[in-house]
Amino acid sequence: MTKQKIRNALLVHLVILFFFSTSVVSARVVSLLQNYGNPIFRSNFHSIYDTSKYGVFQLSNGLGKTPQMGWNSWNFFACNINEMVIKETADALVSTGLADLGYVYVNIDDCWSSVTRNLKGQLVPDHKTFPSGIKALADYVHGKGLKLGIYSDAGVFTCQVRPGSIFHETDDADLFASWGVDYLKYDNCYNLGIPPKERYPPMRDALNATGQKIFYSLCEWGVEDPALWADKVGNSWRTTGDINDSWASMTTIADLNDKWAAYAGPGGWNDPDMLEVGNGGMTYQEYRAHFSIWALAKAPLLIGCDVRNLTAETLEILSNKEVIAINQDSLGVQGRKVQVSGADGCRQVWAGPLSGNRLAVALWNRCSKVATITASWEALGLESGVHVSVRDLWQHKVVTGDAVSSFSARVDIHDCQLISRVSNHAHQ
Ligand code: GLA
């Protein structure tokens with residue numbers, strides 16, 4: 001690697017964390033940002049980071065106060081799953097330290113079930129691949145301090161043509177609860193043309209009626225703009241079609257999901273689909289950008305690779321505590337795209353407020369060459385005289401102690417610097 005390349009690589013994925021230490025009262029109270037106002041924040045702060053659509057009819061099962069973290073089988077294994085894979089994955093989440101960092105859901109996706117229901121009309125685990133049954137698997141996973149997720153579909157079949165749960169919501173929810181399942185991903189195939197708004201609430205009610213706390217993850221692919229209605233139905237809702245392991249897919253999905261930022265918050269999250277980090281189709285820089293933007297956008301952090309065989313680079317990305325902390329921040333405001341420059345808008349600044357008067361900022365180079373990206377205080381919603389100390393969350397160090405009015409950095413191709421700010425000498 002040349003010196004220049006090394007320098008650029010270090011700047012990859014700068015998550016800027018900005019902290020402001022004054023106590024401020026806003027004139028205009030909004031649901032999640034009531035403490036963010038003058039003298040640090042510009043009057044446009046609340047329109048840049050609009051949260052006014054958050055939680056009007058929130059489902060209150062007490063789950064999802066921060067975005068869910070864990071693993072899901074689909075992106076790497078697709079239908080090639082069995083109980084050994086799930087058990088070994090649970091073991092690996094613990095042995096790699098990922099479980100301790102918050103990745104607690106072990107989610108089985110499509111293909112766990114037999115192609116037909118039994119004579120009582122119940123779903124049955126595929127006897128070849130899950131011979132011990134799901135209850136035994138839940139017990140195993142719980143024994144490791146983890147949680148088990150399962151998958152079904154708001155239609156007559158799942159996408160891989162296993163039985164779906166439409167018109168069987170109560171029976172299936174009861175069965176999942178009897179197995180000790182903690183999470184349901186509910187897909188959208190073979191849906192008979194019935195609108196999602198009609199097909200998803202019955203499963204919510206059935207899950208609630210079990211009396212067990214089961215995280216409810218809606219997967220209707222953004223078809224009927226779920227951000228506009230799903231907060232009273234589920235704990236998260238997919239906003240897009242399926243991700244694939246490519247830069248083009250990841251960037252497209254990040255942009256589509258961004259549209260709905262104002263609707264997310266504790267208890268109900270936009271879901272731009274599961275992580276592809278570690279699956280091989282993107283560069284190290286691109287995976288750092290993927291992880292940084294998903295963290296900043298308060299997306300579910302569901303690992304989609306084979307955690308039994310992680311490379312050092314993949315583990316480094318997935319286990320960056322400072323980046324995870326952005327995602328799990330208690331304020332729960334989705335970060336968003338706030339500034340673009342360059343001919344095709346490929347120099348991008350994404351940002352979001354954090355608890356404790358801090359801000360996370362990603363400088364994202366989507367151009368095909370190295371670029372200098374500037375985050376202006378104006379675009380971030382800060383008064384220009386505010387003094388900021390900038391911390392690089394990939395280098396794990398403060399890169400400047402006193403930035404005023406803007407911050408710039410050279411960012412490698414397709415890389416993303418994630419930074420945050422600490423200030424002890426706010427605007428005088
Ligand atoms: C759909 C979902 C995916 C995955 C597959 C499984 O495509 O969107 O996330 O669950 O089905 O068949």
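Residues are numbered from 1 along each chain as its sequence is written. Local features of the predicted model need pLDDT of at least 70, side-chain atom pairs count only at pLDDT 80 or more, totals for chains, interfaces and linings use all residues, and side-chain values use heavy atoms, with hydrogens and water left out.

Helices (H or I, at least four residues) and strands (E, at least two) are DSSP runs numbered from the N terminus. Helix 4 comprises the 13 residues 83–95, which at 1.5 Å a residue should span 18 Å; its end C-alpha atoms are 18 Å apart, in agreement with that value. The expected span is 1.5 Å times one less than the number of residues. At the start of helix 4, a side-chain oxygen of Asn82 lies within 2.9 Å of the backbone nitrogen of Met84. Glu83, Val85, Ile86, Thr89, Ala90, Ala92 and Leu93 of this helix are buried, where buried means under 20% relative accessible area, exposed over 50% and partly exposed in between (1.4 Å probe, protein chains only). These buried residues pack against elements including strand 2 (69–72), helix 5 (133–143) and strand 9 (301–303), contact meaning heavy atoms within 4.5 Å. Gly97, with a positive phi near 90°, follows helix 4.

The axes of helix 9 (residues 247–258) and helix 10 (residues 284–296) come within 11 Å and cross at roughly 20°. Helix 9 is therefore roughly parallel to helix 10, a term for angles under 35 degrees. In this pairing, Trp247, Met250, Ile253 and Ala254 of helix 9 meet Glu286, His290, Ile293 and Trp294 of helix 10.

Ser113, in the loop between strand 3 and helix 5, is buried at 4% relative accessibility. Beyond its neighbours within four places in sequence, Ser113 contacts Leu123, Val124, Pro125, Asp126, Arg162 and Pro163. Leu393, in the loop between strand 14 (387–392) and strand 15 (397–404), is buried at 0% relative accessibility. The C-alpha atoms of Leu393 and Gln417 are separated by 7.9 Å, although the residues are 24 apart along the chain.

Most residues other than glycine have a negative phi. Phe167 has a positive phi, near 70°; it is placed in the loop between strand 4 and helix 6 (169–179) and counts as exposed at 60% relative accessibility. Asp225 likewise has a positive phi, near 45°. Asp225 is found in the loop between strand 6 (215–218) and strand 7 (236–238) and, at 30% relative accessibility, counts as partly exposed.

How values were computed. Polar contact = N/O pair within 3.5 Å; in protein donor to acceptor, adjacent residues only side chain to side chain. Axes fitted to C-alpha atoms, helices over the stretch in contact; angles between N-to-C directions. Parallel < 35°, antiparallel > 145°, perpendicular 65-115°, else oblique.
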